[in-house]
Amino acid sequence: MGTKNIASFVFARRIAPYFEKKAYVPLQKILKKQKNGDILVETSVSNYREIIPSVLSWLEHITLVEPEDFKALIKDILRQAIQRI
């Protein structure tokens with residue numbers, strides 16, 4: 001079995017119910033529901049590219065917590081997209 005990469009996010013309370021009812025990212029685990037309704041979610045993937053489509057589709061409502069290399073990858077994808085506009 002290959003190495004797993006862990007990524008964590010905070011999903012805003014506005015979309016938290018979707019993630020509480022269904023796993024939108026592989027091996028999704030809700031770590032904590034915050035007082036304001038946001039949820040802290042962790043996922044485990046073989047390659048971060050597995051979750052890029054989900055992250056980009058919900059980007060307006062999530063905060064990438066860790067790891068830094070995944071955050072850098074998302075920033076690079078966004079920079080490249082902005083340059084093409």
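Tryptophan 58 is buried in this predicted model, with a relative accessible area of 18%, a value that counts as buried because the cut-off is under 20%. Phenylalanine 19, at 1% relative accessibility, likewise counts as buried.

A search of the whole structure finds eight aromatic pairs. One of them joins phenylalanine 19 and tryptophan 58 in an edge-to-face arrangement, with 5.1 Å from centre to centre and 70° between the planes. This pair links distant parts of the chain, since phenylalanine 19 belongs to helix 1 (residues 16-21) and tryptophan 58 to helix 2 (residues 52-58), 39 residues apart.

Tyrosine 48 and phenylalanine 70 form another aromatic pair, which is tilted, with 4.9 Å from centre to centre and 35° between the planes. Tyrosine 48 lies in the loop between strand 3 (39-45) and helix 2, while phenylalanine 70 lies in helix 3 (residues 68-84), so the pair ties together parts that are 22 residues apart in sequence. Tyrosine 48 counts as buried at 11% relative accessibility, and phenylalanine 70 is buried with a relative accessible area of 0%.

The two pairs are set out below.

| Aromatic pair | Arrangement | Centre to centre | Between the planes |
|---|---|---|---|
| Phenylalanine 19 and tryptophan 58 | edge-to-face | 5.1 Å | 70° |
| Tyrosine 48 and phenylalanine 70 | tilted | 4.9 Å | 35° |

Beyond these individual contacts, ring pairs link Phe9, Phe11, Tyr18, Phe19, Tyr24, Tyr48, Trp58 and Phe70 into a cluster.

Terms used: Residues numbered from 1 in each chain as written. Predicted model: local features only at pLDDT ≥ 70, side-chain atom pairs only at ≥ 80, totals over all residues. Heavy atoms only, no water. Phe/Tyr/Trp six-rings, centres within 6.5 Å; stacked < 30°, edge-to-face > 60°. Helix = DSSP H or I, 4+ residues; strand = E, 2+ residues; numbered from the N terminus. Buried < 20%, exposed > 50% of the residue type's maximum accessible area, 1.4 Å probe, protein only.
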